[in-house]
Amino acid sequence: MSALAEILFGGLFQGSLYAMMAVGLALVWTTIGVFNFSHGVFMMLGAYIAWQLVELGLPAMIAFPIAVVVMAGVGWILQASVVRPLIGRPNIVLVVVITTLAAGSLIENGALTIWGPRSKQIPALIAGNTTIGGVGVSLHQIAIIVITPLILAALWMFLNRTRLGLALRAVAQNEDASHLVGLNVTALYGLAFAIAASLAGLAGIFMGGYRFMSPVMGSDPLLKALIVVVFGGISSISGPIFAAYLIGFFEAACSYYFGLYWTPALLFGVLILTLMVRPEGIFASRSRGLA
Amino acid sequence: MTDTTSPTTLGHAEAATPIAPGRTPWKLEAIGFVLGFTLLALLPLIFGDTYARHILIMAFIYAIVASNWDLSLGYGGVFNFGHLALFGIGVYAYSLLTKLAGFDPWTALFASGVIATLAAILVTIPILRLKGIYIILVTFGFAQLVMQVIISQSAITGGTQGLVRIPGLYLFDHNMVRDGKFAYFYIALALLVASTLFLRVFVRSRAGASIVALRDNEEYAISRGVSIVRQRMLTLAASAFFTGIAGAFYAAYQRNASIDVFGMSLATIILSMVLLGGTSTIYGAIIASFVLTIFAEWMADFGAWRPMITAVLIIGVMLAYPSGLVGMIKASWGAVAGRLKRPA
Amino acid sequence: MNPILSVEGVTAGYGRVTVLHDISLEAGRFGNVGLFGPNGHGKTTLLRAISGLLQPKSGRILFDGQDIVGHSARAIVGAGLIHVPQGNRLFPDLSIADCMALGAYSPRARPHEAENREKVVRLFPKLAERWRQRVRTLSGGERQMVSIGTALMSHPRLLILDEPTLGLAPKIKDELCASVMDISRGGVPLIVVEQDIEFLLELTQQLYLVNHGAVATEIKPGESLDHGEIMSMYFGH
């Protein structure tokens, strides 16, 4: 019983964090067709901004939403400065990889200069611990497990039930045609980045509440998000969400039965095998579009 | 008899071979190649101090890694973001072979190249049918997972602590440590010469041409009988050998191995070298490696600001000239040459 | 009657290649306008310049008396100049309903959304049957209907159709031609690029032969020519 509870809980928790990160990557890819390698840095920056606001004396429940909104602005600015000027150029995928990597390095080193290398921690969403099915868990983690699906559902509703979300899905499919129905394509690109950055920032706040923060805290989650989108297919946002939870459960089960020692190697093996059978990812449909 | 005929036939064959447009005649390139590397070999005469030689050794290593990356990225059009992992595999292969398995350092150096090549072939399998962004994702994932495996297998690899006291290279009874890095300087240069020679011969060969054909028009190249599976594998394998050797040399030179070689910052710098140099030139990546390494040294006074300034400059150059500095020079040269050729 | 659209000395192209050379034409003075001519001679480029997808290097494009060169495609759509591009590759993974909602995206079209939707359904009853279906699952003719329907949702004051019947089977093509005639009768002036001269002669009052990026011949009302003469113009150069 406790084994099952542990795997279930671990999977849900890790899956939530992976899903929050991966969805942003997929959102930017489907709308703009570029890959944002500063996504991990967004996560770090969100956590540090939240920490700074709390440090200034704001209550966490006010500081966190402000940090998420600030991150939306950061995402927008990053898009406008290192992505938008390159749109329409040949080799944009490759060039954007290097500009977002460089922008990430800039932000990361900037954070190091401002906040220093010492580890920090931000308040948990809910303080305290409890026991479920014989497994001790923190209320913070339970809050993450509950909040994440709500946010992802809200994102899904936004994309599928609002006209602005519809516009985002349209831009993802055909840029010229989007211009011809009067969409503000540049603004929608900015919006995609802003949403992705906010989600990453929120993931950072989640993470900073149970683990020590450092300026490089985003690189490992970025890697996991990458694996998730490779697994789930990057051409939709539902694929990566499913894949995020699947990988979460896989890791939880692996580390329970085989130990942390072997988990990365096993994940690697499964990844390679999956790609040999289904190169577009397990949940990928043939089409490209947000859904 | 033979003395007179052979030069004429050779000259005849040469005249019959049409020079491809935009291609430097091989004789001209050979002269430039010899001149350029002779100049590099003479550099220690100008820069007398050990530290300058250290910087140049690092620039040579980066140049090997970057120019080999240009083979897969620029010529092959395969966005292999696991290239630095091949370098890292070279680092760890050499370290483990010499330290744990007790291999001779030179044998281990060569074996590291072979192991990196095998790893490249392994990573080619899942990306054979993939395109563009998926190749980036898979190869990037490959790189990070190699790192994860090295971290998790800490009993052998030292994990995040890395490995220290790795055996260095030797040359007969020469004292490698107290010679002011002269021996390492010339070994590094020799490796760069060998790697560059290999890359240039490769890209000018028939195989090189078919790789470019595949990049530029996949359907057409396949219809003309170019095998995508074989060529992709060949490209990645070819780009891996000297990369692995460079990694091994790096480990031998530094006498330690750490997982930093898998990190984003090194990958960003090397990728900048490839892109700033302009892809599909080999020489561009090498020149950019020198420029960036020396530039980074020159900026050492800026301390913590250095990576930030570098990042801003990389972004600036990429925004202004997406095809890199060499691409810009080429474009302006092409415009001039085109004007000259056009009859008035 | 003043022309609703006049193109004055437009030069445009891609990169260093110039496709349109100082082209001038007018639309709306005599009714619908047809553009014809060999492929690759600038018809589509002209339409892209008009709808703001491509910045002309020089020249003026007046829509309702206002120069729209330099305006964004969004502003031009907002003014009521609607362009249906060639090849019906609109939004393959959106449903018909989604496309119609997108068509009514601009603030000018929003108040007329319900009324225009009814119009589209009346014009293309087939679409109503497949309202929730993804565009990529539709036939070529149906996709073209979605393209035109989406444009009608934008409440056009001038509608530009780029080869609406391209690649359609004869029977479907006839249906679509009839629908386009209906749209015209509804009071929306049209600019139509077409290879089918018969259809153009029936639909339009004024024809331009576009060749080498410029207007080679203009055929005004009253100078109507028969098919043979047009064909000789077409191939005579």
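In helix H9 of chain A, Leu223(A), Leu226(A), Ile227(A), Val229(A) and Val230(A) meet Leu137(B), Val138(B), Phe140(B), Gly141(B) and Gln144(B) of helix H6 of chain B; a contact here requires C-beta atoms, placed from the backbone, to lie within 7 Å. By class, this contact has eight nonpolar, two polar and no charged residues. Ala, Val, Leu, Ile, Met, Phe, Trp, Tyr, Cys and Pro count as nonpolar, Asp, Glu, Lys and Arg as charged, and the others, Gly among them, as polar. The model is a predicted one, in which local features need pLDDT of at least 70 and side-chain atom pairs count only at pLDDT 80 or more, while totals for chains, interfaces and linings use all residues. Residues are numbered from 1 along each chain as its sequence is written, and chains are lettered from A and ligands numbered from 1 in the order in which they are written.

Axes are lines fitted to C-alpha atoms, for helices over the stretch in contact, and angles run from 0 to 180 degrees between N-to-C directions.

Of the two pairs of chains in contact, chains A and B share the most contacts. Their contact takes 39 residues from chain A and 34 residues from chain B. On the side of chain B that touches chain A, helices H5 (105-127), H6, H12 (264-277) and H14 (305-320) each supply at least two residues. H6(B) gives the most to this side, with 13 residues. The residues of this side divide into 25 nonpolar, eight polar and one charged. No contact joins chain B and chain C, whose closest C-alpha atoms lie 12 Å apart.

Chain C holds an open sheet of four strands in the order S2-S1-S4-S5, with antiparallel pairing; strands pair if DSSP finds at least two bridges between them. Strands S2 (17-27) and S5 (66-67) of chain C stand at the edges with a single partner strand each, so one side of each has no neighbour in the sheet. Seven bridges link S1(C), residues 5-14, to S2(C) in the antiparallel sense, and Val10(C) stands opposite Ile23(C) in S2(C). Helix H1 of chain C (residues 43-50) packs on the sheet, touching S1, S2 and S4 (58-63) of chain C, and its direction makes about 70° with that of S2(C).

Elsewhere in chain C, strand S8 (residues 190-193) runs parallel to strand S3 (residues 33-36), to which three bridges join S8(C), and parallel to strand S7 (residues 158-162), with four bridges. Val192(C) stands opposite Gly34(C) and is also the bridge partner of Leu161(C). Leu190(C) and Val192(C) point one way from S8(C), Ile191(C) and Val193(C) the other way, and all are buried (20 or more other C-beta atoms within 10 Å of the residue's own, C-beta atoms being placed from the backbone).

Strands S9 (residues 206-211) and S10 (residues 214-219) of chain C run antiparallel, joined by five bridges. Val210(C) stands opposite Val215(C) in S10(C). Their hairpin has two residues between the strands, and His212(C) takes a positive phi near 50° there.

Conventions. Buried ≥ 20, exposed ≤ 12 C-beta atoms within 10 Å, placed from the backbone.
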